[in-house]
Amino acid sequence: MKNMKGNVVEIASLSEVNRSLSVPKDGTWFRKFLAFAGPGYMVAVGYMDPGNWATDIAGGSKFGYTLLSVILVSNLIAILLQALSGKLGIATGKDLAQMCRDAYSRPVAIGLWLLCEIAIAAMDLAEVIGSAIALKLLFGLPLLYGVIITAFDVMLILLLQNKGFRALETLVIVLMATIAGCFGINLILAQPSWGGVLGGFVPDSQILTNPSMLYIAIGIMGATVMPHNLYLHSSIVQTRKFEQTSAGKREAIKFATWDSSIALMFALFINAAILIVAAAVFHTAGRTDVAEISDAYYLLSPLLGTTLASILFGIALLASGQNSTVTGTLAGQIVMEGFLNLRLSPWLRRLITRLIAIIPAVIVTAIAGEKGAEELLVLSQVILSIQLPFAIIPLLLFTSDKKIMGEFANKTWQKALTWIVTAVIIVLNVILIIQTISG
């Protein structure tokens, strides 16, 4: 945006809530931590969205507990990257999208913005289809109608945001607790082999040598480490009104890192629980072909001998879809404002974000039906995985630059670790592309 003299004016993304939540200057460590708690849970939502369900179910039913190690590694990578994202926002006062716009030429920035929009569309597509499937399973609503209905849940976000950012955070935490509770009960009903579960957290070399296993593993990674969350986190940590001093920023970075790390451990539990239930119920029963959410819903009750399992599964799926809606639409607003310095009315931006996802979902559902929609759900997670490097590499470059970060720049061990992680992700994506082309 420009002022009356024609100069570009930098406006914070989500300016309506920027620095809107006060932080106590005095008090106990725990009281200060609670003031910063919230953004991490909004970020964690993206790590347990309906896209995760499809890949976790497929991995658990086909390969048992083996791919639990992929969920664990993906979650540890997420903790590392989200800590860097939060640190970038706090140290610079800008989000990742704004930093990209400032650092790169306009064509490069536009290219990164388009890639990010594709990733958000893929993620939102997973939310739309997941919510529609949940409505069909719980209430018998035709899938196509469910997809169309999801266009209106953006109104819920607008209503809550008018009540303050804490209202959004509270909704997210309540829905997350609902998902955890549902799967906690299903874990008890499934009675998994806990020895097998522990063994599954140990990486197995066949994950890289088995093409089918590798494809699902990359899908799990794409569904777990979400590129849009890096943009989201760097912005929403700025909703806290912390002291703009070296000590104030250092304290804010510490509490923000604790917040996101603890929240992501909840995401690890939920993702692992989905795969464990699929392994214990379907793989053990010889149903290694279960890869779709609706199949899992219908098979849980007869295999476990209680309709409660399917009902809890459906409720958790609906909560997951609605939760992801909040963060997905916020991320869409942040990347548009950050990359383009363009401000649209929040309701218009969120409606655009949702329509981008609904249009392909409606077309595929109308033509290919439920099976096509669920295949699109898995494909959306692979798209997210391929887009990851284009968000991670700028984040690493910015947070390692002392001119940008000052005393908060990444230390040598952080640089080494994050570049190793990035290299692994890129290599896996290349392997996936080669295998996809070769059939």
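## A buried leucine

A residue counts as buried when its relative accessible area is under 20%. Leu68 has a relative accessible area of 0%, so Leu68 is buried. The model is predicted.

Leu68 lies in helix H4, which spans residues 68-92. Leaving aside residues up to four places away in sequence, Leu68 touches Val197, Gly200, Phe201, Ala272, Leu275 and Ile276. Ala217 is 149 residues from Leu68 along the chain, yet their C-alpha atoms are separated by 9.6 Å.

## Packing of H13 on H16

Two packed helices are described by the angle between their axes and the distance between the axes. Helix H13 covers residues 227-236, and helix H16 covers residues 307-340. They pack at an angle of about 80°, with axes 9 Å apart. That angle makes H13 roughly perpendicular to H16.

H13 contributes His228, Tyr231, Leu232, Ser235 and Ile236 to the contact. From H16 come Thr327, Leu330, Ala331, Ile334, Val335 and Phe339. Eight residues of this contact are nonpolar and three are polar. None is charged.

## Cysteines

How many disulfides does the structure hold? It holds zero. A disulfide needs two cysteine sulfur atoms within 2.5 Å. For Cys116, the closest cysteine sulfur is in Cys100, 8.8 Å away, so the pair is too far apart for a bond.

Cys116 is buried, with a relative accessible area of 1%. Cys182 is buried as well, at 5%.

Methods: Residues numbered from 1 in each chain as written. Predicted model: local features only at pLDDT ≥ 70, side-chain atom pairs only at ≥ 80, totals over all residues. Heavy atoms only, no water. Axes fitted to C-alpha atoms, helices over the stretch in contact; angles between N-to-C directions. Helix = DSSP H or I, 4+ residues; strand = E, 2+ residues; numbered from the N terminus. Parallel < 35°, antiparallel > 145°, perpendicular 65-115°, else oblique. Contact = heavy atoms within 4.5 Å. Nonpolar A, V, L, I, M, F, W, Y, C, P; charged D, E, K, R; others polar. Buried < 20%, exposed > 50% of the residue type's maximum accessible area, 1.4 Å probe, protein only.
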